[in-house]
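User: Hi, could you help me look through a structure? I'd like to talk about the spaces inside and then the surface.

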Amino acid sequence: MPDLLLELFSEEIPARMQRRAAEDLKKLVTDALVERGFLYEGAQAFATPRRLALAVMGLPVKGQDVREERKGPRVGSPDAAIQGFLKGAGLASIDQARIESDPKKGEFYVAVIEKPGRATADVLAEILPQIIRNFPWPKSMRWGAASKDSGSLRWVRPLQSILCTFGPETEDPEIVRFEVDGIASGDVTYGHRFLAPDPIRVRRFDDYVPALERAKVVLDADRRKDMILHDAKDLAFAQGLELVEDEGLLEEVAGLVEWPVVLMGSFDEAFLDIPPEVIRTTIRANQKCFVLRDPATGKLANRFLLTSNLIASDGGRTIVSGNERVVRARLSDAKFFWETDQRVKLEERLEKLKSIVFHEKLGTQYERVERIAALAKEIAPYVGADPALAGRAARLAKADLVTEMVGEFPELQGLMGRYYATLQGENPSVAAAIEEHYKPLGPSDRVPADPVSVAVALADKIDTLVGFWAIDEKPTGSKDPYALRRAALGVIRLVIDNSLRVRLLPAFAVGSRQLKVTDAASETGDDLLSFFADRLKVYLRDQGARHDLIDAVFALGAGSAEGTTGSENAQDDLLMIVRRVEALGRFLDTEDGANLLAGYRRAANILRIEEKKDGRAYDEVPDLQIVNDHGLIEEKALAVVLHQAREETAAAVESEDFEGAMRALSRLRQPVDSFFDKVTVNAEDPAVRANRLRLLNSIREATRTVADFSRIEG
Amino acid sequence: MTSEPAHMNPARSFQGLILTLQRYWAEQGCVILQPYDMEVGAGTFHPATTLRALGPKPWRAAYVQPSRRPKDGRYGENPNRLQHYYQFQVILKPNPPNLQELYLGSLKAIGIDTAVHDVRFVEDDWESPTLGAWGLGWECWCDGMEVSQFTYFQQVAGFECSPVAGELTYGLERLAMYLQGVESIYDLNFNGLEGDQKVTYGDVFLQAEQEYSRHNFEHADTEMLFRHFRDAELACRKYLEAGEPKEGSNDSRHLMALPAYDQCIKASHMFNLLDARGVISVTERQSYILRVRELAKACGAAWLKTEGGGVAA
């Protein structure tokens, strides 16, 4: 079976786009082939800085022959109809059509159209130019003389040549001939830009890969990564050091070279006074180099590893010394920033925050800091933090934004604040909170535990949420430019992971009051709370909780259980919601729980039917006199237990003892079972019947103290 | 090739570097222009790049352009930063298919041998919000150091470039520091001579850096600068209007695109000075950039109605 080899050779493709582009190329070509009925055995795609390559193995030489029968008009139809049929089916005369008959329709013409399968190479020559023209680069450009015409080819950077061959293993493959904007496909590629720039004639994938290797090009990005990692570890080991691994950097660096050569450089030990994160960030961001540490102490070493794209004739001496110069200059800058920043205390920087606009409608960073500080002090007692420390930490939390270091490396925000706070003698919790108040930044980020950090982190996120809600900049669909979903998830994780009791609505209210937004609607709180409910559901589902149990607890919602309205009884205590869901799950796993659910369903079904039939609800309290006078023993027992269970459950819920509430409910199980065994609900006496329906309603009501059982599935 | 006198060696002489680049690009058919006689923030502002990048006419030019970045001044105390420095600018329209090779040839000409130096093209998309311009390309690395910017212009002054021009910008001081192996800009050998005759970059520019830093950060007359910004903006509009083709005339050309563009350059520099003085708030900043961009766009539109922009005489 023949194979396809395609290479698109261009000027340097951005590293971050290479992997995706290779995948896209594979998918587009194989999809287009399959769509046209060409199946294949396997496909592999590759990318280097200068080429995308695709090998599709085991394609047929040509497509399947297609035989199509087309029904025509009845025999004896008007000539116009016959002519139309002939034209549509591509027949020269009606003699070429067959005549078939059908008991209903009688005799009619049938044309048999046979299409031989097309040669695969021809089909490729048709689909590949389209794919190249419409390639989904994140950003593309025009170039050269052709760019004076609109509609000229766009590519990520100028496309230089196209190699495309197709053929079986045993013979010389043929070039799949096509042209895109004056670039004709051929069987030639080029090696490494400097080490082997000459043209290389290629026949198929099997000789393409080794030919490139000889020309100092490693086609496979994963192999380049392995080479870099392996060499880096070896070089580190030889110096008694350890590589500080960095997958993101490794991926990027592998996209910057066709032939990786790892070299070690060093810098003055004096620079090690700078915080290690700063050294690492500087060297990584600007130089795309790895740093090393001493395995004994875990401290950074004054070495770095660079990945060059060259087997240099001087063994890399020039390259190393050049890189060392740049690292030295960068670290000098960093050291300068580090030292200058320390001359100004964090609180003295606050004034400068007045000139940084946080959001046009939400004021400056300075105003935001004031709001967060006030909110953090309010929240502090609920999370076990000293309000004074929380306030102090919040005031200093954003001060590092105007330091030189954070100006240069925004990703060091928070961390630099912590360093500077520690140096100026702040309480350790305050210093930690400055770094940690941004956390957690996502579902896998660490959740701070120090109460001061928690207070400021909550205040920071709640201020953000309340603010953007007030100016109506909520997330919609996939758009969430201010990362508000992440902020809400952060609040949820801070509360749940630390088992904290924080009522959200009062916190929202404090946050809202501080905003200078005039039309901050009063319903902000409730709307934001329902946003939290959605985020909490997502969070619990991710944690493996049953979604129906979450719904069952949430369905109790704002005040519905006890008939109150508004926010008074709203579910704004995240921890309690989670506890309730957990307790409910455990209860339903017990036999008592499962049976009670069955009993509940029976009661609910009967009630639904009868209430519908009678056109009324039976939601009054059962008349105990009627039970006593006419009831069976099972009915009396149920009435008594129901009364007790309701009270006990309510009391347990009141004291937040959800396990107790479930236990109290479980005592209903036996009397409910017996009731259904012995008692006929639809009694002859209408008064008795009505009262029994009220009893069933009481079962429903009793379960509603803990959850809406109607939402439970399974 | 005749052998260079030692004092013209680009690895020893700042001016030797400039002259070598000029000669190299002259051989590629570039007109070698002199710096534009106005204060600009980057070589791109030179009308030989901004305006000539627009329209269908082929164009090849190279020139040194002093660039003023008032905010980057460091009173002469930072060995790597200046408020006034030189860029070497090359523009080729349309870009030839071998522009990368031509660029590498220029590195070879100034003594960067790719057998021992690691030269790389690292993604860097270029954008000038004030000029309404953007392009794709790279920063060119030599042994981990950015030595040039390489851009395929896609849009200038809000107009599509057709055809696309290739633009190269060499940071001359940084490149020279690497070639000469010095750690401070001020230690660069300017004239390539030694002993009494040696003139360093510091001899030429240190005092200027100190004086202009004082000016840019402390003393520049902000009231005057605001006024000059408004004046330049008004003048630009006025000249654009005055240069518009007259109704009923056979001549459909714009007659004053270049003088109008000068005022756009002026406004941009006024803004940079005001920004360095710290008197423009974050929100205002955006609106000033927008105002300059509007001027640049209007000038670009006018240029496209001139001969240089492709209109037949």
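User: Which residues lie nearest the centre of the largest cavity?

Analyst: Keeping in mind that this is a predicted model, the residues nearest the centre are E12(A), P49(A), L256(A), R120(B) and F121(B), and they belong to a lining of 19 residues. The space in that cavity comes to about 140 Å³.

User: And which strand gives the most to that lining?

Analyst: That is strand β4 of chain B, which covers residues 119–123 and contributes five residues to the lining of the largest cavity.

User: What classes of residue line the largest cavity?

Analyst: Its lining is made up of ten nonpolar, six charged and three polar residues.

User: Switching to the surface, which residues make the nonpolar patch of about 270 Å²?

Analyst: That patch is formed by V34(A), L39(A) and Y40(A).

User: Where is Y40(A)?

Analyst: Y40(A) sits in the loop of chain A that runs between α1 (15–35) and β2 (42–48).

User: Why does Y40(A) count as partly exposed?

Analyst: Y40(A) counts as partly exposed because its relative accessible area is 31%, and that term covers values between the 20% limit for buried and the 50% limit for exposed.

Definitions and conventions:
Residues numbered from 1 in each chain as written. Chains lettered and ligands numbered in written order. Predicted model: local features only at pLDDT ≥ 70, side-chain atom pairs only at ≥ 80, totals over all residues. Heavy atoms only, no water. 1 Å grid on protein atoms, 1.4 Å probe; cavity = no way out; pocket = protein on both sides within 12 Å on 5 of 7 lines; lining within 4 Å. Points joined across faces, edges and corners; volume = space filled by probe spheres on them. Helix = DSSP H or I, 4+ residues; strand = E, 2+ residues; numbered from the N terminus. Nonpolar A, V, L, I, M, F, W, Y, C, P; charged D, E, K, R; others polar. Patch = residues over 30% accessible without salt bridge, like charges linked within 9 Å, V, L, I, M, F, W, Y side chains within 5 Å. Areas by Shrake-Rupley, 256 points an atom, 1.4 Å probe, with all protein chains shown as cover. Salt bridge = Lys/Arg side-chain N within 4 Å of Asp/Glu carboxyl O. Buried < 20%, exposed > 50% of the residue type's maximum accessible area, 1.4 Å probe, protein only.
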